[in-house]
Each structure stands twice: as structure tokens, then as C-alpha cells.
Amino acid sequence: MPTKPIIAALREVRNAITQITLFTSLMDTLIVFLLCTLVLILVSLPWWYGAIVAVLYGALHTIRSVKRNRNLAYVEEKVPELQEQLTTVADNVDKENAIVESLQQDVLKGMRAIRTSYFLSFGRLTRELITLAIVSILIITAAAHHIQFLDFNDLLRDLGKLGEPTGPYELSGEGLEFIENISEDIYGNKSIADLGNDEIQLQLTPMLSDIDIGTTRPPESREFTSSLPEEIKATTDVSFQESIPKGYQRIVKSYFREIAKTS
Amino acid sequence: MRLEDTKKTFDHILHEMGKVIVGMDEVLKQMIVALLTNSHAVLEGYPGLAKTLSIKTMAQLLSLKFSRIQNTPDLMPSDITGTYIIEETTGGKRTFKFQPGPVFANVILADEINRATPKTQSALLEAMQEKQVTVGNSTFKLEEPFFVLATQNPIEQEGTYPLPEAQSDRFLFKIRTEYPKFDEEVEIVNRYAEEEKRVVLKPALSKDELIYLQNLTRQVPIAADIKKYAVSLVTSTRQKKDLIEYGASPRASIGIVLAAKGRALLEGRKYVSKQDINLMAMPVMRHRIILSFEAERQNLHEDDVIKQLLK
């Protein structure tokens, strides 16, 4: 049984609307991703956080838009000539009588007037493209010149320290523990000592590191010369007694003698 | 009649009625919608607002059998339905023969229906509902189309028997006739206070054509959303407890959708719009809701409450 022309036309309209909706959703998601990336670069956080946000936004935006736009009332809103007719025809597509068939013919005629431009705002599209270009340029500039408004990791670390006790008057258990920990730190980072002979995996990301690749040079070779003394001599040290004035030497001697007697 | 000609036919009916009736466009349209939906309507308004004249004019435009029942307190059910009479044959033999009453017609004008006793009202309302009349042991089917247009006066209380809600529910519409505007009243004076001109009305609709249009009305498609809107409107009368004591029944939902289809056809449209539902909500629901004491205390009428629901 051949498909009714109205059914095919309705399917075509729905598909076209879905494609346009997906395209606009993609554009919006791209803008969100780039904006997030820019912000993350400026606060020294990994760029892929932005990808997570963009994926979540894209999924929600697409589901909501497709759901809304697949409803033919959206088409009627954009094409006033088909107001209430398109939905009526779609809802009564299985009915066959003189009025329904006549209405289907009217709607098919009206549908020929539908243009993609009704659903795709070129003004909005242009604005989005300009936004994409501007944000992209900002990202490249920020990455190339290491522009950072703040280091989020440092900020978090500093914020964490805000609650910690710092005064010498804290004599509680926590305070004492803290002092002990501090004392351990003087031996260096334990994790480095534990590394032993393992190979260190380091990856320098130009975008997030302090190293300016443009100003680095190959390492310079340095020559080390020995500066050892030619002759080693042993000398007697100056006696402590000699540095005491003569008038006091006897008193000091007798003082230490008496101490020795009492101990 | 072709589908494309329906609008012309309705325009012709309205034009011909306009030769007699001044203004009252909405009332006339609602009467035609009642005709298209094969339903009955009651016109309510103060005396002298052309209720009876508009029904008589419409009857003239239809090539249908028309009868008028002038309701009075002493009117008996048999005066409406008909009765058995003794008939003498040529051989001198006497037999009972059924003499049909005025209800055996296509278009019936039941004038001042609230002046008939409840017993007589019941006889008429039974005929309206069942489209048949039982006299004695015999049941007589009424001819299609069967259409009752009743009138009643809202201010006359003495010697009247207001229709109970259950019986007024049988009327699809309660059409309210309002006072004419100033210019319309001047036109009425010009037409009827000066030299009388005989207006000749050309019948616009035959019986077959009317049945065709009634079938066509039921075929008018309606979108699911609009249908749900109509139903939600009716169900909201049952939820607005502060102003409505008793809401409209599902018969009101059927009535609104059907009336909206008729209205769409009358306007020459092949689909029902939300506007049709809004226009038909008032005449379909105003006699199907009972206001609460609070609404009466606020001096609100049925139409005021329905307007609130339409917002």
C-alpha cells in the first residue's frame, strides 16, 4: 500500500526540523565548550573539565530541543499559514473523509511554502560564528602568552591553609601533631625518597606550564676546575684561657674547680 | 452540495436572516451551529428581543416542517405529543386513529418553555432526548432532522416552572439574547415603525442538504491538543470549588467539541481551532454549572465564572 503523500510530507518536515535542531545544538555546545576552555585556562585548570561540561550541556540541550521542535506546533509557530492545520492533519492522518482529505490537500499546498530559513535564524547563526571566532582567538592568545588571572590550585591550597592553626600558643593535640609533621618535612618529600630507581614520567604542557618555550636555549657546557689547597697543615687552636683577662683567670679557675668538687 | 459551497450557504442564510433580524449575529450563528450539530437550543432573554422572530425566520429559510408550541400552564402533554381520536369510517364503524401533535415536525419552536408545567416539559424533553413519542401502547419515531428551539424569559417568576438542571442539560446551547446596540435599535425602529415592507425569504437549505451538513459537521477533524483543551475546560468547572458548586458533566465536553466543529464549518474552515472552543464554551456550559454561595455573594453570573476559566 503506497504511503499517503501527507504522511511522507509530515515525515520530511520532522526530519528536516530534527536536522536543523541538531545543528543549532551543536553550535551552542561548541560555544559552551570554548567558553569553558577559556575560563579554565585563565584559572589554570585542565581543559577537559570544559569538555565534560559541554557534553552534559549538549546532551540536555539536544534532548530538550528535539523534543520541543518535533512537535508540529513549533512548525505552525514559524509558518502562520499552517496554524492549527498541520497538527490537526497529523492527529487525523488515519481518517478518511471528504473534509480531512480536503484539509490534507490544503496543508500539502501550504507546506510547499516552508523554507529552511523559517527555522534557521541567519542572524543568530552569524552571531554564534562570530562568538566562536572571538573565543577561539582568546584561547590561542591566552595559551601563547600564558595569561592567567589566578592559579586555582594555589588558591585552593591557600584556602585550605586558612583553617589551619599557625600561632605558638596552640598546645592542643592537633597543634602538637602539626608541629611534628612540620619537623618531618625538613627531611624532604618522602615520596621522592621512595621513588628510588623508578623512572619519572614527566610531560610538560606548554599551555599550563611556566616554561616559556620561546625563550629556552640548549644547555651550556661548563668546565669545572679543581680548587683544592696545595698543602694541608694542622694548627693548634687558641686556648679559651688565654682570651680571659689575667685578673680573672684565677677566679675562673677556682670556680670550675669548685664545680668539679660538687659534681 | 459541494464542500466548497458550505460557506456560501451559511453566508446566504445569515444574509437572509439579516433582512429580518437586526444585529444578533452571534445568536444567529449559535442557532445555526445547534442546527448543524443536530442539537436543541434554548434562547433566554428579556421580552421583545426577537427570540421568537429569529427562530421563525430561521424556520422559513429551511425547507422543513415547522411547528410552534406556545407553552402555558394548562398545556397538556397530549397537546404536544398528540392523541388518539375516534374516527368514523364510511361504513359507520368507529376506530381510534392517532392524531400527531406539533412535536411531529422537523423544527419546533417551544415558546416560553418555562411556563409549561413540569409534566408537559417532561413530555417535550423526552421527545427531544429519545426522538420518539410514546402514546398509549404505541411508540412513534420522530422524523429526522428534529430540532427544538425553545425560548424562556429570565425575569418572569410568577406562574413559571424553571427547567431543572437535569432537563436543561438536554439543550446543547443556552443562547443569551442581549439588548441591541444604539445604532441597531435605530435600525430596528426604521424597519418596524414605518411603512411595513413585506420581506420575502428564499429557502436556503433543504432537508437532505441539512442532513448532509450535519454529517459533514461530525467529520470536521480536531487536533488532539485542542480536544484536550476542551475537556480540561469542562473538568476545571468541577475543580473550581470556590465559585462552582456543581461542575459540568462529560456531556458538556461532547457538546463543546461538537459545537466547535459546527462553528468551524460555519466559518468555512476544515479544522477546529482553539478559538472555536472558546466561543462555544459559554453557550454550552452556562446552564450546566451551579454557582456556589460565594459566587452569588460576589454577584457573579455563570458567564463571569466561565470567563475566568477561559483565562
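Okay, let's start with the inside of chain B: buried residues make up 41% of its 311 residues. Buried here means 20 or more other C-beta atoms within 10 Å of the residue's own; exposed is 12 or fewer, partly exposed is in between, and the C-beta atoms are placed from the backbone.

Some housekeeping. This is a predicted model, so local features need pLDDT of at least 70 and side-chain atom pairs count only at pLDDT 80 or more, while totals for chains, interfaces and linings use all residues. Residues are numbered from 1 along each chain as its sequence is written, with chains lettered from A and ligands numbered from 1 in the order in which they are written.

On confidence, pLDDT is the predictor's own per-residue score, from 0 to 100. Chain B averages 89, and 100% of its residues score at least 70. For the complex, the predictor gives an ipTM of 0.81 and a pTM of 0.72.

Now the overall build. Chain B has 13 helices and 11 strands; these are DSSP runs, H or I of at least four residues for helices and E of at least two for strands, numbered from the N terminus. Along the principal axes, the C-alpha atoms fill a box of roughly 70 × 45 × 45 Å. Of the contacts with a separation of 6 or more, 77% are between residues 24 or more positions apart, a contact being two backbone-placed C-beta atoms within 7 Å.

Next, the domains. Domain 1 of chain B covers 1-74 + 103-192 + 204-219, and domain 2 covers 221-311; the bounds come from an automatic or database domain assignment. Their centres, over C-alpha atoms, are 21 Å apart. Where they touch, domain 1 puts in 20 residues and domain 2 puts in 17. On the domain 1 side, the elements giving two or more residues are α1, α2, α6, β9 and α8. Helix α2(B) gives the most, with 5 residues. By type, that side has 9 nonpolar, 5 polar and 6 charged residues. Nonpolar covers Ala, Val, Leu, Ile, Met, Phe, Trp, Tyr, Cys and Pro, charged covers Asp, Glu, Lys and Arg, and the others, Gly among them, are polar.

So which helix would I click on? Just after α10(B), G268(B) takes a positive phi of about 80°.

M24(B) has a phi near 55°, positive without being a glycine. M24(B) sits in the loop between α1 and α2 and is buried, with 23 C-beta neighbours inside 10 Å. E112(B), also not a glycine, has a positive phi of about 50°. The loop there runs between β5 and α5, and with 19 neighbours E112(B) counts as partly exposed. Finally, E144(B) and P145(B) are joined by a cis peptide bond, omega about -5°, and P145(B) is in the loop between β7 and β8.
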